[in-house]
Amino acid sequence: MPQKNYGATTVDVDAEGYLTDFSQWTREIASAVAREEGIAELGPAHWKVVEFMQKEFKENGQAPSIRRLNKSGVITTKELYELFPGGPVKKAAKIAGLKKPEGCV
Amino acid sequence: MRKLVILGAGTGGTVMVNHLRKRLPREEWAITVIDRDNEHYYQPGFLFIPFGFYTKKTILKPKSKFLPKGVEFVVTEIDRINPGSNEVILQDGRNVGYDYLIVATGAEIVPSETPGMLDGWRETIFDFYTPDGAEALAAKLKTFPGGTIVVHVNETPIKCPVAPLEFAFFCDACLRRHGKRDKVEIVYVTPLSGAFTKPVASQVLGNLLEKKKIRMVTDFNAEHIDAAARKIVCYDGREVPYDLLVTVPTNMGSEMIERSGMGDEFRFLPTDPNTLRSKKYENIFALGDATDLPTSKAGSVAHFQSEILVENLLRAIEGKELKPDFDGHSNCFVEMGRGKAILIDFNYDTEPLPGRFPFPVIGPMPLLKPSRLNHWGKLAFRWVYWHMLLRGRKIPFVPARMNMAGKKRPDNAPGGLK
């Protein structure tokens, strides 16, 4: 199992850098992962998304779809792309310490 | 008299009623099947219509033909389920009460979910997930002078997740056969990060796209389609121009589910992934495309689920605990054109892997590798579908639960064992 160091903390990650053990997640690690993903600082809007994703994951065992984020009223898809450029759900999941969203087969 | 009601007489509903009429005594149980029409399409055949191999007529039979005797078949639109009073409300005003309900109302394309998609609908934008769409596309392809064909997946999950890939492969093969491949650029646009959701199959299928000179655009979420300028626009600003757009629009469950207030954001019914019972209602079960389960929306899945759902429904009736037996098993042929197809077999935990199927080593069908035998398997499956699968007969050597024997994870594979 690969590991990764963020400051003084070592966490278990998968091959793509997603945390494999959510109990190791902290807000500091989230900020460090965000920087790696090109997001200099996590603002309140970022945190709102991250926290919603964690809540959904806890309830449903999977990260919410873009559609769900949109429909839940947390954030519009356009804003989501502005906050997490590139693949927003994947980036937000990584920052939130969740496993990589697989999408359905 | 106790009452079982099945909503939908597609693959899942038909298989279930064929199983259950045999298992529930006629003197104790009345069974009613409700569907909005009496047209049963062999849906894997839609892919073959745009290329002129099939027509609508070739793959259409009446639903009633596949229902057993001793079952009431009602053809009408369902307004909604009222789970509080155990009733189904029909649009003609009738109410149908139930003791147990099976939801098998499937999934459908909803092009109106993407702004602009309907602007060029069936002019320069086509689907092949409906019989009419597939026939309209056949006519369009016949006279297509050349240019860029974009094969597009709008949003996941979709029915038969490999169908758009098959469409791209078929397009390539047909154009080559007619000596026109150099006049057409084929682009595959997907919201996924690769050709498929799972790493090993994604790599194999991605390599095949590359080999066939089909350009892949990944992580693309269409914000809107500019039909006048003929381009799809991603939320991140990327644009993909097309001359002909073959899209798989957003797939959603039946509007009836939404009217009943029972669906998720895609109108799919929240369902226990292993027992197939509704997460909320003890006397409601679901199978096939109508569920929210993280497995393929495909006929093979409905077939595998049916064997488990029959047992669980009978256990529920007898007051026994349900068995968490469904493992997400899915099995499908991926048509490549030129007489070859790939076969994939997987479940919730095990992604499609190379190997042999259904028997280890001797196969005879190779997994995750193009072969002629798989192509013949795909063609033969139409017969199996009408004559065995819908009637609830077991398909020899293919059990409801996935078998790991015969599969091998490549040593250098991405992903890794879960």
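Select helix H7(B) and colour it by accessibility: Asn374(B), His375(B), Gly377(B), Lys378(B), Val384(B), Tyr385(B), Trp386(B), Met388(B) and Leu389(B) are buried (under 20% relative accessible area with a 1.4 Å probe, protein chains only). Helices here are DSSP runs of H or I of at least four residues, numbered from the N terminus. This is a predicted model, in which local features need pLDDT of at least 70 and side-chain atom pairs count only at pLDDT 80 or more, while totals for chains, interfaces and linings use all residues. Residues are numbered from 1 along each chain as its sequence is written, chains are lettered from A in the order in which they are written, and side-chain values use heavy atoms, without hydrogens and water.

Next, centre on Trp383(B), where H7, spanning residues 372-389 of chain B, bends by about 35° (the angle between axes fitted to the seven residues ending there and the seven starting there). Then move to Ser371(B), which caps the N-terminal end of H7(B) with a side-chain oxygen 3.3 Å from the backbone nitrogen of Leu373(B).

Now display the interface. Here 24 residues of chain B are in contact with 14 residues of chain A (heavy atoms within 4.5 Å). Select Thr197(B), Tyr235(B) and Glu265(B): on the chain B side, these lose the most area to chain A, together 34% of what that side buries (accessible area, 1.4 Å probe, lost on being put together).

Finally, show Lys78(A) and Glu223(B), which form a salt bridge with their closest N and O atoms 3.6 Å apart.

Methods:
Buried area is the accessible area (1.4 Å probe) that two parts lose on being put together, summed over both. A salt bridge is a side-chain nitrogen of Lys or Arg within 4 Å of a carboxyl oxygen of Asp or Glu. Helices (H or I, at least four residues) and strands (E, at least two) are DSSP runs, numbered from the N terminus. Buried means under 20% relative accessible area, exposed over 50%, partly exposed in between (1.4 Å probe, protein chains only). A polar contact is a pair of N or O atoms within 3.5 Å; within protein, one must be able to donate a hydrogen and the other to accept it, and residues adjacent in sequence count only if both atoms are side-chain atoms.
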